[in-house]
Amino acid sequence: MQPQLFPKPSIASRIKARRFNALLKNRIQSRRFRVLSKDRIESRRFGVLKRNRIESGRFGVLRNPGADTPRSPVNKLSSRVQDIAGIMRRVLLWLLILSSVQLASCNALQKKHDNPVMTAAPRRVEAEPAEADEAESKYVDTIDVPKKSKEKANSDVVPVSATEKPKEDDGSDTEKVRKALASNPWDDWKDDTTIFNSQVAATVNGAPILNGDVLDRYAGFLISVRGEMQKAAADPRFKGEKPGPEQYEKFRYGVIQREIASHIQKKLLVERLKGGMKAEQLKMMEAHIDEQFVKEVDKLKKELKVSNKTELELALNKKGTTLQNVRDNFALDRLAGECIAIKSEKLKPIERPEMIAYYQSHPDDFLVTAKVKWEQIQVSITPSLNRKAARAKLEQAIAELEQGVPFDTVARKYSDGSTAREGGAWDWMEEGNLADTKLEKKLFSMSVNTLSEIHEYQDSLSVVRVTERQNPGRKPFREVQKEIHDIIDSEHMKNRPKKLFKELFSQAVIETHYSLPEFVNPND
């Protein structure tokens, strides 16, 4: 067995060798990292993106692209100069900030004027006579002032005295406008519509009714009224007391006073109607209201000249309301009407004796005055057609009428009166409406379908014929029977819900500072 030249290392020596290699490798890597980091820091400081590029030309220093060379003394000096320059820039910036703050504080202490560029010039004041003479005597020997220039300068001077009075009103339009603007009662007014509409106008069974609930359907009308008041108050030609916010508030309260009872009545009717319905019936009713409101929306679009709901909403906002408010008012009116139709007493049929009794108890309602329908052919006298020629033309028209030619045909052929195009026909005329009293007397005395003699006037000739006559008196019952039926039916419809109203209001608890009509307080 031959001896080994290189003995096999032991396990301990191998472990030690591995640890030494690992340590050496870590040191090399850490050294590379430090060099790389140092290069990155230097490249950032001098504006170099890559190690192989030329460094900033300001210092004229080049780097070796092949190796990591250490920094030269020139580079160190350049870095120090750049640091000093940065410090000086910061110092100058702070000095500018401090100076601007100091100037601002000084300006705040000075008196401010309306015009920040040029302040108002002081008023030129004439000195007292003694002082003026003394001042002039000081410079009379040194300054030669021409007489005309001196007089012109004195003309621009405004004399001041202790008893000076302000300029009186000269009655000009400018002064009137100034006074009107100065006394406009709307100058300090602020729109309180939102606050006013949120106030409670009444409570019905504990549920509040706001001012806005009553006024919503009149919002656009109120805006127009307020605009007219403001326009009148700003007009200098307006005579009398100018309408101000106080008059507008009174008008607004007046609208609520007029409509509050009707709104309470509708609320009670809807409450009674919904109280007797089940949940499914309420859903069906709301769906029916929505279907009907779609048609109402289409009407609103045509009325406001818009094409979609967005434009409709904007148009309603200009009028002081919303689409939802319009829908709520629509549902309130429809449901109140449904309640009256369902809960009120059924109407009894109108019998003939009831209509005759009404006819006899209202004799003046069916009186008629005397009136006639008539026709006319008129020929005017003109420079080209004298009286003799006009009479011959009219006699020719009469001859054709006697031959059986229709009156309207002859009138269109010969007449030049105001009704010639309509065949000379006049509609019903009551006695006392014609300016020509002689012709009117003839019309109401002559027989029907009889042609009159020729009526001569200063500028025309004419013939007339009465087609229908109605003598004064009372219309017969057969002619006014339907009219009487409609009158009685309207009265029944009006009186039908009164019993229901009395029942609703007697059971309701109503609190309001507005005065209510008698039917709202049946116990009074």
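β1 and β9 pair in the antiparallel sense, over three bridges. When I say two strands pair, I mean DSSP finds at least two bridges between them. Strands and helices here are DSSP runs, numbered from the N terminus: E with at least two residues for strands, H or I with at least four for helices.

Quick word on the source: this is a predicted model, where local features need pLDDT of at least 70 and side-chain atom pairs count only at pLDDT 80 or more, while totals for chains, interfaces and linings use all residues. Residues are numbered from 1 along each chain as its sequence is written, and side-chain values use heavy atoms, with hydrogens and water left out.

So what order do the three strands take in the open sheet? It's β2-β1-β9, with antiparallel pairing. β2 (207-210) and β9 (510-512) are at the edges with a single partner strand each, so one side of each has no neighbour in the sheet.

Now, glutamine 199. You'll find glutamine 199 in the loop between α6 (193-197) and β1 (200-204). Buried or exposed? Glutamine 199 is partly exposed, at 36% relative accessibility. The scale goes: buried under 20% relative accessible area, exposed over 50%, partly exposed in between, using a 1.4 Å probe and protein chains only.

Last one: glutamate 400 sits in helix α14 (residues 387-402), and glutamate 400 is buried, with a relative accessible area of 14%.
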